[in-house]
Amino acid sequence: MSRTPDYLAGYPPALLAQVRPLIEDGSLGERLARRYPEAHTVRSDGALYEHVQALKARHMRSSPPLAKVAYDSALQRIHQALGTHTTAARVQGGQLKAKREIRVAAVFKEAPAAFLQMIVVHELAHLKERAHDKAFYALCCHMAPDYHQLEFDFRLWMTLRGRPAPAALPGQAGGPLSP
Ligand SMILES: [Zn+2]
């Protein structure tokens, strides 16, 4: 038995009632492709690192440095997340240093450019705001003014892909994409 993936749990029923017919008649994929025609060329971990650093330099210059940024094909399957940010403490030269990492699910390699931007903005915002609260989403919207639309459309896109929904996607509108 497979569980019905639900990336849309928690959005207002009226909103979902608008998109359900588009899912059922098969026109949603075309609409999303028209709305997000732009692919990206961020295919490697090195390119992703540069991409994240550029956004960070533009919007979050004062946030702590990132030690690593990488695509992770195990993220969805094993950690049931689409992106993660971690801070590992390690001793270096007799000092305790924080090593920050951002990982992005491999599915974003083939996603439209706007969706990659959405997950990068999400994980960057976590450098400053840990919880998925008002301050967190304000920061997301500062970096990507249409953040909420992007997240909703990305969830529609994932729904069409029919992949298992990560457990970390909770039942609330605009909920977290990562633990
Ligand atoms: Zn998150």
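This is a predicted model: local features need pLDDT of at least 70, side-chain atom pairs count only at pLDDT 80 or more; totals for chains, interfaces and linings use all residues.
Let's start at helix 1, residues 13-24. How far apart are its end C-alpha atoms? They're 16 Å apart, and that agrees with what you'd expect, because 12 residues at 1.5 Å a residue should span 16 Å.

Now the strands. Strand 3, residues 95-105, has two pairings to talk about. With strand 1, residues 68-72, strand 3 pairs in the parallel sense, over 5 bridges. If you want a spot to look at there, Tyr71 sits opposite Val104 of strand 3. With strand 2, residues 83-92, strand 3 runs antiparallel, and 10 bridges join the two. Over on that side, Arg90 stands opposite Lys97 in strand 3. Strands 2 and 3 form a hairpin with 2 residues between them, and Gly93 takes a positive phi near 60° there.

Last bit, the helix pair. Helix 5, residues 113-125, packs against helix 7, residues 147-161, at about 115°, and their axes are 9 Å apart. The crossing is left-handed. Which residues make the contact? From helix 5, it's Ala114, Phe115, Met118 and Val121; from helix 7, Tyr147, Leu150, Glu151, Phe154 and Trp157. By type, that contact splits into 8 nonpolar, no polar and 1 charged. And a reminder while you look at those numbers: an α-helix has 3.6 residues a turn, so residues three or four places apart point the same way.

Technical notes: Residues are numbered from 1 along each chain as its sequence is written. Axes are lines fitted to C-alpha atoms, for helices over the stretch in contact, and angles run from 0 to 180 degrees between N-to-C directions. Helices (H or I, at least four residues) and strands (E, at least two) are DSSP runs, numbered from the N terminus. A crossing is left-handed if the near helix is turned anticlockwise from the far one by less than a right angle, and right-handed if clockwise. Two residues are in contact if their C-beta atoms, placed from the backbone, lie within 7 Å. Ala, Val, Leu, Ile, Met, Phe, Trp, Tyr, Cys and Pro count as nonpolar, Asp, Glu, Lys and Arg as charged, and the others, Gly among them, as polar. The expected span of a helix is 1.5 Å times one less than its number of residues. Two strands pair if DSSP finds at least two bridges between them.
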